[in-house]
Amino acid sequence: MANETVFKRYKGNPIITAQAVPRANSIHNSAIVPFGNGFAGIFRVDEIDFNFTMHAGRSKDGIKWEIDPEPIKMESNDPEIPIKARTYDPRLTQIGDTYYFTWCIDSSQGPCIGLATTKDFKVFHQMENPLPPTNRNCVIFPRKIDGKFAILHRPSDRGHTPFGDMFYSTSPDLVHWGCHRFVFGTLGSSWQSTKIGPGPAPIEIEEGWLLIYHGVWTSCNGYLYYTGGAILDREKPWKVLYRTKDYLLAPTEHYERVGDVPNVVFPSSAVVNDGVMRLYYGCADTCISIAEAKMKDLIGFIKTRSV
Ligand code: BMA
């Protein structure tokens, strides 16, 4: 039995494997939102030549998915966008009738953050990169804060990044980004002692912004990825009200322990319905699973297990 806190894993996990796309070596760390009468997603597909691509997908219930066999083709007003590079780890946020997504671009100068919009998951419009190298984790808040678009992100290096703190930045127009504030960093000798990074788009709750994030510990065998939770101030989200000392999810199941990168639970999207959060997370860089928690229990856990 897994060491479960407030999240209960779905019995049919993993819900998405490489079988879903013909050229996939693995499908993991992906972005999912409610869309129309069902759900839509942008999936990280590591292909059999190890090109990392993003594919759109649709689902009626959020569990059984149809994922396009071909990667997303971006449109842009600027012929220099998009650059040709591997793309991975998308995060999706709905603002009004538009879905904004960020992801990591493996540019030749190092990982940086891409940004695009879609309204229908068929046409994708890529904009200027919000963040230059080196950075590989970024998510957009679901509304403007103090009149500006806002992101959480984690500057990195060109390798596997043995460090990492979270920052908050804002933009009036989604092109010019600034006012960078430190949010929080690593913690002691714990599951979040090597690096931390933002997961799904923050969710607005009575207390502020509920954030699910990943934390990494370095053992003698390499990195292990865990899931934690925090609550950030509503108007000044760089101020941390609560941040869990205990993890919310740890790699304990065989599909989380065994894969291309062992011992990874990587939270990347969350859908809240009827007081329940369904968390989508990448497992061992191989497949995707879900776990559910009652919002009341989750918020209570974050408040009472806080540092
Ligand atoms: C992310 C990505 C992956 C990596 C993973 C663990 O930040 O960079 O390529 O293996 O962390 O899922």
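Rings of Phe, Tyr and Trp, the last by its six-membered ring, pair if their centres lie within 6.5 Å. The views below are taken from a predicted model.

**View 1. An aromatic cluster that includes Phe35 and Tyr99.** Six residues, Phe35, Tyr99, Phe101, Trp103, Phe121 and Phe124, form one aromatic cluster. The structure as a whole holds 20 aromatic pairs.

**View 2. The edge-to-face pair of Phe35 and Tyr99.** The ring centres of Phe35 and Tyr99 are 5.7 Å apart, with 75 degrees between the planes. This pair links distant parts of the chain: Phe35 belongs to strand S2 (residues 24-35) and Tyr99 to strand S8 (residues 98-107), 64 residues apart. Phe35 counts as partly exposed because its relative accessibility is 22%, whereas Tyr99, with a relative accessible area of 6%, is buried.

**View 3. The tilted pair of Tyr168 and Trp238.** The planes of the Tyr168 and Trp238 rings stand at 45 degrees and their centres lie 5.4 Å apart, so the pair is tilted. Distant parts of the chain are linked here as well, with Tyr168 in strand S13 (residues 166-171) and Trp238 in the loop between strand S18 (222-232) and strand S19 (240-243), 70 residues apart. Both Tyr168 and Trp238 are buried.

**View 4. Arg181 over the face of Trp238.** Arg181 lies at 4.6 Å from the ring centre of Trp238. Trp238 also takes part in the tilted pair with Tyr168.

**View 5. Arg44 over the face of Phe52.** Arg44 is placed over the ring face of Phe52, at 4.6 Å from the ring centre.

Key
Residues are numbered from 1 along each chain as its sequence is written. This is a predicted model: local features need pLDDT of at least 70, side-chain atom pairs count only at pLDDT 80 or more; totals for chains, interfaces and linings use all residues. Side-chain values use heavy atoms; hydrogens and water are left out. Rings of Phe, Tyr and Trp (its six-membered ring) pair if their centres lie within 6.5 Å; planes under 30 degrees apart count as stacked, over 60 as edge-to-face and the rest as tilted. Helices (H or I, at least four residues) and strands (E, at least two) are DSSP runs, numbered from the N terminus. Buried means under 20% relative accessible area, exposed over 50%, partly exposed in between (1.4 Å probe, protein chains only). A charge sits over a ring if NZ of Lys or CZ of Arg is within 6 Å of the ring centre and within 35 degrees of the ring normal.
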